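Please have a look at the sequence and the model first, and then read on.

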Amino acid sequence: MAGFLDRAKEQAQGALQAGKQKADEVQQQRAGNDLLKKLGTAYYAERSGNGSPEATQAALSALEAHIATHGDGFLRG
């Protein structure tokens with residue numbers, strides 16, 4: 001019986017870890033999408049005369065830092 005409980009505990013811990021990993025991935029994708037939206041907003045503001053190149057560059061730098069850390073998977077879908 002102890003072996004069964006140990007296996008069940010291991011499986012539960014594995015499932016919990018997989019769930020946490022998936023939640024982290026979703027959070028990283030949302031953060032990437034938010035940064036991409038901020039870049040688009042900054043670019044549009046710059047092109048329409050209401051923004052600055054510095055704001056666009058700052059948004060681009062933040063997006064590039066996110067991609068360097070977490071990858072660019074959020075750009076694919």
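Here are my notes, point by point.

1. A word on the ground rules. This is a predicted model, where local features need pLDDT of at least 70 and side-chain atom pairs count only at pLDDT 80 or more, while totals for chains, interfaces and linings use all residues. Residues are numbered from 1 along each chain as its sequence is written, and side-chain values use heavy atoms, with hydrogens and water left out.

2. Start with helix α1. Helices here are DSSP runs of H or I with at least four residues, numbered from the N terminus. α1 has 46 residues and spans 67 Å from its first C-alpha to its last, close to the expected 68 Å. That expected span is 1.5 Å times one less than the number of residues in the helix. Just after α1, G49 takes a positive phi of about 90 degrees.

3. Which residues of α1 are buried? They are G32, L35, L39 and A42. "Buried" means under 20% relative accessible area, "exposed" over 50%, and "partly exposed" in between, with a 1.4 Å probe and protein chains only. The cover over these buried residues of α1 includes α2. A handy rule to keep in mind: an α-helix has 3.6 residues a turn, so residues three or four places apart point the same way.

4. Now the core. The largest nonpolar core has six residues: L35, L39, A42, A59, L63 and F74. Such a core is a set of buried Ala, Val, Leu, Ile, Met, Phe, Trp, Tyr and Cys residues joined through side-chain atoms within 4.5 Å. α1 gives the most, with three residues. In soluble globular proteins, nonpolar side chains tend to be buried together.

5. Look at how the helices meet. Contact means heavy atoms within 4.5 Å. Leaving aside neighbours within four places in sequence, L39 is in contact with T56, A59, L60 and L63. T56 lies in α2 and is buried, at 12% relative accessibility. With residues up to four places away in sequence not counted, T56 touches L39, A42, Y43 and E46.

6. R30, in α1, is exposed at 57% relative accessibility. The C-alpha atoms of R30 and F74 are 7.9 Å apart, although 44 residues separate them along the chain. Q29 is also in α1 and is partly exposed, at 39%. From Q29 to K9 there are 20 residues in sequence and 30 Å in space, C-alpha to C-alpha.

7. How many salt bridges does the structure hold? There is one, where a salt bridge is a side-chain nitrogen of Lys or Arg within 4 Å of a carboxyl oxygen of Asp or Glu. It joins R76 and D72, whose closest N and O atoms are 2.9 Å apart. R76 is exposed, with a relative accessible area of 65%, whereas D72 is partly exposed, at 31%.

Definitions and conventions: Helix = DSSP H or I, 4+ residues; strand = E, 2+ residues; numbered from the N terminus.
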